[in-house]
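Hello,

Here is the structure we spoke about. Please open it and keep it beside this email while you read.

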Amino acid sequence: MLRRYASLAVLPALAGCAAIPHDTTVQAGAMQRVWAIFLAAGAGVYVLVGGLILWAALAYRRRDPAVVQATAFHSNTPLEIAWTIAPIVVVAALFLVTFPAEQHVENLVHPPGEIVQVVGFRWSWRFVYPKEHVVVQGTMQSPPELVLPQNRTTEIRLSSSDVIHSFWVPAFLFKRMAIPGIVNAFDFTPERPGVFPGRCAEYCGTYHAHMSFTVRVLPPGEFVRWARMRSAA
Amino acid sequence: MSAVAAAGAPPRRLVKHGILAWLSTTNHKQIGILYICTTLFFFAIAGFLADVIRLQLAAPQQNIVGAHAYNEAFTLHGTTMIFLFIAPFGFGIANYLIPLQCGAADMAFPRLNAFGYWLFLFGGLTVFSGVFAAGGGASAGWYAYTPLSDIRVSSGVGQDLWFIGLTLTSISGILTAINFLVTPIVFRAPGMTMWRLPVFTWEMIATSLLILMAFPPLTAAFAMALMDRHANAHFFDPTRGGDPVLYQHTFWFFGHPEVYVMILPMFGVITEVIAVFSRKPVFGYTGLVLSGFAIAGLSMGVWAHHMFTTGAVNDPFFSAMSFLIAVPTGIKFFNWIGTMWRGALSFETPMLFAIGFLLNFLIGGITGVMVASPPIDFQANGSYFLVAHFHYTLGGGSMFAIFAALYFWFPKIWGVKLDERWGRFHFWTMFVGFNMTFVPMLFLGMMGMPRRVYTYPAIPGWADLNLVASIGTVLITISVAAFVWNVIVSSRKREALPDDPWGSAYTLEWATSSPPPELNFDALPPIRSKRPAFDLHHPELAHTSPP
């Protein structure tokens, strides 16, 4: 019976893995593995602890309504030490999964292959390509498009000109706050061409819901053609 | 023995009644009742706002309430649930119980206690008064990040009233915490040693230490924000050398401990309920007490996990500290299961809510460890995954424990036992409705839906999941209505209750009449173990009580 319950709980973990977008950027690949491991570990803990709770509730339900006290035991030192150490081991293991992925995602590649300055404002975005002399200015009604080269590392330098926003590309599993007065830098290394929606993820006032953009990943040759065309225009 | 004295006598009234008596009371039980009723009133408003939110989001591209009204609604929903319902409900139940559980006649500082309540009430009303101000109520979210909440962007008086009102409730919390800390240390009855205090009282001691450390920084943050708004202070203004990230630090330095101010009292409630309905002593008393302090201590060092995506904090440090909180929380879960193990469990409504709490809070805890990992938080932060996570801790956790507490102590406080059939209906509709509402949000967040949007595009899957969530909210609303109805019908059937209407309760409040007399005890029973009321009512089993 317990095994059937266990297989039921694997389903949400699998569904979770399916809900997480994959294979879009090198960085997303690293984070996707962290998601998968945490979802599996989380499902395991839920089955174990949730199963113990339900088992205890059902197996030890009162059979004699007159009973005032079932039994009086109230401690077991070895057991208590064991269930203090067990979660320490689990979270230590989870930290070992977390740390390298976090470093991989947050450390910048030097020198950057491509640079895009991104500025958030109420309620759209501006993308500036300093090397190519390209500026893409969006409005709430016509959201801008961020064009990135495939298989090259682009460093995004993010800021804001009014309140705090958050630059989120769900398919890249990544967001970062755009904070006035601060330039936040991070890398994207897209692995496949495609169009991916992007949104503001930090509440920024009335029309926060409409502060969207798209990301278009182009093969390197097409990216160069796009940039040349845009700078000429 | 008050049980004998009370039998046959008419049910006793609490203390002096009448409007003036309530307005001028310094009695901890009346102040507790004032808190409980006030916070439930605020809960009803915040629940109504949740219905508005879910109505607006039931289908894509709707415009039922409009962007600005929606933003006011979720700001006031979060503000009310956190500052005016969950945390102060804990203060209310603690106000009622701490002196009773210690064997004291009242709090250490009764007038300070009353002052705290009135500051809280008028603080809450001040926040709400913003709704009627020019430009409407505050709409900068419940954490009111600058520069969004500064005078240039949020120019309305509503935002000022929000800061001022919450500063009042923050001061109220500090004053109340002093009472919760001093009373159990100084005013214990003979025989009630510290290591015999009920786990609930211990959790309130840990909570009070957290309040005293975390609330003053919040007061400072709000004072600075108000000075920025009206005195050109530029603390958080990046164009004048100020720093918006500093506001986040000061806010979350309060904000994360606040999470535990909302949950530690409820850990205490759950501990007492599970032990009573498992008909066993609390398992691992020392571990439960010490883990409460471990959680309190760790929670002071994790605030910046709310700021992983700022790029301005040491992500690995705050990630590791946050993971560690899973250890004392795990200890609590295992001790609760240990308390149930080999017990004789019955499932009266408080126990149903306690088990619902365990299953829901477990999801809150697991998703909490997930979002404490920066690579996961980079997706989850600001998304519906996070909304689901913290609702599993504060809704599925604290709110379920609050209803466990209401059903459990209702007979003690009002001398009325709530109806079991309506109680079961309340529990099951709330449990099913709650999970229908928040499981879809976990998936919506992973799929990329941001929180705090008044509308969303028709992306495949989003509409269905949002509709399921909205239907779940309808069920939750029905369950709360069933609770109100239960209180009404049960109050009509007033009958004299014994000191311990549950039959196996053990903490000291169950050794006095229901409701207790003005000074709590006509005569204190001898206190020779951790279970004075149990020893009194079941002397043949007294030798089995943990010393």
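This is a predicted model: local features need pLDDT of at least 70, side-chain atom pairs count only at pLDDT 80 or more; totals for chains, interfaces and linings use all residues.

**Where the chains meet**

The contact involves 68 residues of chain A and 75 residues of chain B. On the chain A side, the elements that give two or more residues are the helices α1 (2-19), α2 (26-59) and α3 (77-106), together with the strands β6 (165-169) and β7 (174-178). Sorted by class, this side of chain A has 43 nonpolar, 15 polar and 10 charged residues.

**The largest nonpolar core**

The largest nonpolar core has 243 residues. Within this core, I270(B), V273(B), A354(B) and A404(B) have the most contacts. Helix α8 (residues 244-278) of chain B gives the most to the core, namely 21 residues. Chain A takes part too: domain 1 (2-106) and domain 2 (114-232) each supply at least three residues. To see one spot in detail, look at A354(B): leaving aside neighbours within four places in sequence, A354(B) is in contact with I270(B), V273(B), I274(B) and A404(B).

As background, nonpolar side chains tend to be buried together in soluble globular proteins.

**The two domains of chain A**

Chain A is divided into domain 1 (2-106) and domain 2 (114-232). Taken over C-alpha atoms, the centres of these two domains are separated by 37 Å. Nine residues from domain 1 and 12 residues from domain 2 form the contact between them. The domain 1 side of that contact is made up of four nonpolar residues, four polar residues and one charged residue.

**Strands in chain A**

There is an open sheet of five strands in chain A, with the order β4-β10-β9-β6-β7 and mixed pairing. Its edge strands are β4 (145-149) and β7, each of which pairs on one side only. On average, neighbouring strands of the sheet are turned by 25° against each other, direction ignored. At one end of the order, β6(A) and β7(A) run antiparallel and are joined by five bridges. There, W168(A) has K175(A) in β7(A) as its bridge partner. Helix α4 (residues 220-232) of chain A lies across β4 and β10 (212-218), running at about 135° to β4(A).

Strands β2 (residues 124-129) and β3 (residues 134-137) of chain A also pair, in the antiparallel sense and over four bridges. R126(A) stands opposite Q137(A) in β3(A). The hairpin of β2(A) and β3(A) has four residues between the strands, and H133(A) takes a positive phi near 55° in this hairpin.

Regards

Conventions: Residues are numbered from 1 along each chain as its sequence is written. Chains are lettered from A and ligands numbered from 1 in the order in which they are written. Two residues are in contact if their C-beta atoms, placed from the backbone, lie within 7 Å. Ala, Val, Leu, Ile, Met, Phe, Trp, Tyr, Cys and Pro count as nonpolar, Asp, Glu, Lys and Arg as charged, and the others, Gly among them, as polar. A nonpolar core is a set of buried Ala, Val, Leu, Ile, Met, Phe, Trp, Tyr and Cys residues joined through C-beta atoms within 7 Å. A residue is buried if 20 or more other C-beta atoms lie within 10 Å of its own, exposed if 12 or fewer, and partly exposed in between; C-beta atoms are placed from the backbone. Domain bounds come from an automatic or database domain assignment. Two strands pair if DSSP finds at least two bridges between them. Axes are lines fitted to C-alpha atoms, for helices over the stretch in contact, and angles run from 0 to 180 degrees between N-to-C directions.
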